[in-house]
Amino acid sequence: MKKNAIILLIIFTIIAIQAASLSEEPSNKAELGKILFFDPILSRDSTVSCASCHKPAFAFADNSAVSTGVKGKKGIRNSPSVMNVVLRRPLFWDGRAKTLEEQALIPIENPLEMDLPIKEVVERLQKSKSYSSYFKRIFNEEPTAQNLAQALAAFERTLETNESAFDRWKFSDDSTMVTKAAKRGFVIFNGKGKCVTCHFGADMTTNEFRNIGLFNGKELNDSGRAAISGNINDLGKFKVPSLRNIAVTPPYMHNGMFKTLKEVIEFYNEPDKHIGNAVNRDSLLAKPLQLTRREKKDLEAFLLSLTDQQFITKKNNRR
Amino acid sequence: MKSLIFAAMLMASAPGVKEQLTGRWEPKPSINGNITGVVFKPDNTYEAYINKKPFVSGRYTLQDSLISIIETACDKTGIYRLNFFSGSDSLRFVPVMDSCDQRREGMKKLVFGRVK
């Protein structure tokens, strides 16, 4: 009797262990995408993964002005957050990708990033026993460029955040959810600061392209959207980024030239003081905003209120 | 005298409509799976949202079954008739007057369900 009980216990333990190991395997596109996102197998020398430049601790952005790719190569633009991309169209600073699926494959082939032709990536994944079995289970086929893109995009679609102090304030009747400074900052954001003109919507972006004056054809010579559209009027225009979690995604702008939100606010307040010879700058920024010191602080307080709870908790845990 | 009685009737009916309206409303998710919605608060403000992210704040006033709205995205007043049905758990906004074309076109297509 005792023997039987022990045998049964052993069998249950084995089943439990197997079940646990199976549960670590991906059961849908997003879970597979997550594994791929963190796997350097997608880069030429297997040293760089998507997460190398889109770091979870920084809201899936990079904390360097430009990211480092394979063999220490430096990129040319700041890696934007890949959180809150469900409503983003098009993608990249210059809008070169129309869909998340299209976006997902571009850094893999970029020589400054992961530098691996998609054909080779697919061959690698097909040769991998685990990936081959994951793709077959989830897509009913071997890894391909299409299902690789679908998996990565599916994972990115899970990275939505809607638990900031600002969100809680807006949805509740509790006015203490944000500070008084943040509330004053929200008024400035919508009024004197003119921020809302470009940063409007659920993710605080209109998804438009704007030239904020960071192009002068000399030391600032990234032509931005114009290189994609071929339209001279797009010279120096870049996609307006989301402001969700902005406090955890420094440095800022397409080239990562500003290290802090304070610097960003100072720039918008008086663009000419920072870049005097800007070409094609948006007329919205033609005159200084003339924000007072307190208004600048309030605006910053509002931007801080856009940080999702998950980052605030992590930050507190690190202290 | 008649107008006084009418005004009194309006005032009497307004709280009932407000009680019906207050709370969270959502239409069916879009083809892409995005969920829009609106929270009508007792203080005559509302928040419209997408995927639980607020994107438009506004103020509303009620007069019987008519609702007037004005919001951050469009500063022109829109007037809609509230059409509650299915035991007040479903709601349609029937445009009466709204010069914000995008809002009018969006609203008239949607049927909202109360989120309990």
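Q: In what order do the strands of chain B close into a barrel?
A: Strands of a sheet pair through backbone hydrogen bonds, either parallel or antiparallel. In this predicted model, 8 strands of chain B close into a barrel in the order E1-E2-E3-E4-E5-E6-E7-E8, with antiparallel pairing; strands are DSSP runs of E of at least two residues, helices runs of H or I of at least four, both numbered from the N terminus, and two strands pair if DSSP finds at least two bridges between them. Neighbouring strands of this sheet are turned against each other by 35° on average, direction ignored, where axes are lines fitted to C-alpha atoms, for helices over the stretch in contact, and angles run from 0 to 180 degrees between N-to-C directions.

Q: How many bridges join strand E5 to strand E6 of chain B?
A: Strand E5 (residues 66-71) and strand E6 (residues 78-85) of chain B run antiparallel and are joined by 4 bridges, and Ser68(B) has Ile79(B) in E6(B) as its bridge partner.

Q: Where does helix H2 of chain B lie?
A: Helix H2 (residues 101-109) of chain B lies across E6 and strand E7 (90-98), running at about 150° to E7(B).

Q: Which elements of chain B give two or more residues to the side that touches chain A?
A: Contact means that C-beta atoms, placed from the backbone, lie within 7 Å; 12 residues of chain B are in contact with 12 residues of chain A. The elements in question are strand E3 (45-50) and strand E4 (53-63) of chain B.

Q: Which conventions apply?
A: Residues are numbered from 1 along each chain as its sequence is written, while chains are lettered from A and ligands numbered from 1 in the order in which they are written. Local features need pLDDT of at least 70 and side-chain atom pairs count only at pLDDT 80 or more, whereas totals for chains, interfaces and linings use all residues.

Conventions. Two residues are in contact if their C-beta atoms, placed from the backbone, lie within 7 Å.
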